[in-house]
Amino acid sequence: MIRTTTRKALNQRQKVLVHIVAVLAAIASSMIIIACIGLNPFSVYSKIISGSLGSAYRFRETVNKAIPLTILSLGTCMAFKMQFWNIGAEGQFYMGAFGATLAVMLFPTLPKPLMLLFMALFALLAGGLWALLPAALKAKWSTSETLVTLMLNYLAQKWVGYLQYGPWRDPQGNGFPRIARFAENAVLPKVFGIHIGWIIAIVLTLMVFILMTRTKFGYEVSVIGESRATARYAGINVNKVMIFAVILSGGLCGLAGMIQASAIENSLTDNMSNGMGFTAVITTWLSQLHPLVMLLVSFIFSMLIQGGSFLQTSMQIPSAMASILQGIIIFFVLGSDFFVRYRFIFIRKKKGEKACL
């Protein structure tokens, strides 16, 4: 007979060890699956690494993917920390890109520093206000933020699509449904051959880490995440802190949209995300809501995305193979949380002996 029981709390070192074992188990399992479909697993992993880091161009493309993914993960983390399940990073990303594009259209002749500042402010505002709606509904009527934020994703993307095919369609587009490309004053500059977004991502990571671990606000968010009743008993204005944190969460996701629109797309399109907002939910969980770890996890996932594209051209393997590898890693790492919190008890009925795992 097998039962489960709550495990005595593990220390941080033991938790890290459990997750390392889970990652190693995920790699071993994925290699078995790759071998079962007739491929050399060592060759596949070698191609993924080569395809993401093997040249200056590939490394740059990997970093370009890691930048918005990191910032989206930071934004998602802000809400998740207090158990507000913001699944709307994708929509907030698009609204941030929309806000940045609106700034470009309203002030087309601004000098570059002012233009980029206005674009960032508009993106923060648009993403934050888009996240405010589910937060206000949650505070007023205790609605499910998961459903509301999820539905708002599609509404935001369709809104951008409407603009692209309608009012903002470029008359000089030769019949293609596109929004006019940004002028040079609206494009982020490059540092060491990569747009300055990589510096912004690192700075934001440090800022969020300090905010969540060294400030009163971060402490209040953590208390609300542990127990709202305890937070109220401690005198914390739960709704006020929740709304501010969610606005900040949406604002960060909106800023990621501005960076993608300015530095990569040089315009606004309805397919510029490629699902990064949903991937950010995964990277946020895998990093255990730790901003510094989030930077590393986002980069590793970007390697898988970029390496998966390289697999398709170099080995004629569908790029979906990288998604399979991601799924296996997610399954094992999230599954390892069970062994952090619980343990199995094997009961032998005859002798009444118990063996614990």
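Predicted model: local features only at pLDDT ≥ 70, side-chain atom pairs only at ≥ 80, totals over all residues.
Lysine 216, by contrast, is exposed, at a relative accessible area of 63%. Both residues belong to helix H8 (residues 216-226), where a separation of 4 residues corresponds to about one turn of the helix.

## Other salt bridges

The structure holds 4 salt bridges. One of them joins glutamate 184 to lysine 112, with 3.1 Å between the closest N and O atoms. This pair links distant parts of the chain, 72 residues apart: glutamate 184 is in the loop between helix H6 (145-165) and strand S2 (190-191), and lysine 112 is in helix H5 (residues 112-141). Glutamate 184 is exposed at 56% relative accessibility, while lysine 112 is partly exposed at 25%.

A further salt bridge pairs lysine 138 with glutamate 145, the closest N and O atoms lying 3.0 Å apart. Both lysine 138 and glutamate 145 are buried.

## Threonine 283 and its surroundings

Threonine 283 is located in helix H11 (residues 276-286) and, with 0% relative accessibility, is buried. Its side chain makes a polar contact of 2.6 Å with the side chain of serine 73. Beyond neighbours within four places in sequence, the contacts of threonine 283 are Leu69, Ser73, Met294, Val297, Ser298 and Phe301.

## Helix H3

Helix H3 (residues 56-80) comprises 25 residues and spans 35 Å from first to last C-alpha, close to the expected 36 Å. Because 18 of its 25 residues are buried, H3 is largely enclosed by the rest of the structure.

Technical notes:
Residues numbered from 1 in each chain as written. Heavy atoms only, no water. Helix = DSSP H or I, 4+ residues; strand = E, 2+ residues; numbered from the N terminus. Buried < 20%, exposed > 50% of the residue type's maximum accessible area, 1.4 Å probe, protein only. Polar contact = N/O pair within 3.5 Å; in protein donor to acceptor, adjacent residues only side chain to side chain. Contact = heavy atoms within 4.5 Å. Expected span 1.5 Å × (residues − 1). Salt bridge = Lys/Arg side-chain N within 4 Å of Asp/Glu carboxyl O.
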